[in-house]
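Dear colleague,

Please read them alongside the coordinates.

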Amino acid sequence: MKLFWRLLKWFIATVVLLLLFAAALVLLFRWVDPPSSAFMVRHWLAAESAAAGTQRLYYEWVEGPAIAPEVKLAVIAAEDQRFPAHHGFDLVELNKALARWRDGGRLRGASTLSQQVAKNLFLWRESSWLRKGLEAPLTLLIEAFWPKERILEVYLNLAQFGPDTYGVGAASWRFFDRPVATLNRSQAALLAAVLPNPIRYRVQSPSAQVRRKAAWIEQQMRNLGGPAYLDRL
């Protein structure tokens, strides 16, 4: 019994220390731009066996004001339309996902931009209950310490938009040969359309499915009221 209580105290102390460390990092990244992410580090490590001289990863940090409003709105329209209002978790979408699952459908994720930042920055891609369990407190810390504008800025700089391509800065140059500040609504919607699976879906030579998704995103951007929607953040 004494051994059990010692192990329990050790476990609790470890969890508390990890949470404090995570909180310190989240607080730091409110003002300091993350130099990389867990996803990018894993990508780089996996590519170490590639031939010398090849480009393994395209990445460029872009400050929030230098990102076109259309790009910000396109990502919100595609991924998280309740982003300005929720506190990290979209309970409406979660309830819809559970209802579909109870009706026999596949259990699909309903991740918010805040959850995706927590996952991309600190965790790993593969879905599991462990990852979800770690993702939840990280999401709450991000929502507690960061304003919405910072969450959106970090998301846009960490999200993967194609093979070896992370962040809207690198994606804009690689796929459109121009800075992200100059992208128009159609180009922004095309970038957002590949976010569910940037390995399968391509900005360059987009499939009919990607074009349909981009057209839907453009309609959602209009429905939200255009870039003025960003004033709610």
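Glu153 and Arg150 sit three residues apart in helix α7, about one turn of the helix, where helices (H or I, at least four residues) and strands (E, at least two) are DSSP runs numbered from the N terminus. Their side chains form a salt bridge at 2.8 Å, N to O, the term meaning a side-chain nitrogen of Lys or Arg within 4 Å of a carboxyl oxygen of Asp or Glu. Both Glu153 and Arg150 are buried, with buried defined as under 20% relative accessible area, exposed as over 50% and partly exposed as in between (1.4 Å probe, protein chains only).

This is a predicted model, in which local features need pLDDT of at least 70 and side-chain atom pairs count only at pLDDT 80 or more, while totals for chains, interfaces and linings use all residues. Residues are numbered from 1 along each chain as its sequence is written, and side-chain values use heavy atoms, with hydrogens and water left out.

Arg150 also meets Asp33 in a salt bridge (3.0 Å, N to O). That pair links distant parts of the chain, 117 residues apart, since Arg150 belongs to helix α7 (residues 148-158) and Asp33 to the loop between α1 (2-28) and α2 (38-46). Arg150 has a relative accessible area of 7%, whereas Asp33, at 26%, is partly exposed.

Elsewhere, the side chains of Arg82 and Asp90 meet in a salt bridge at 3.2 Å, N to O; Arg82 is partly exposed at 32% relative accessibility, and Asp90 is buried at 5%. The count of salt bridges comes to eight.

Best regards
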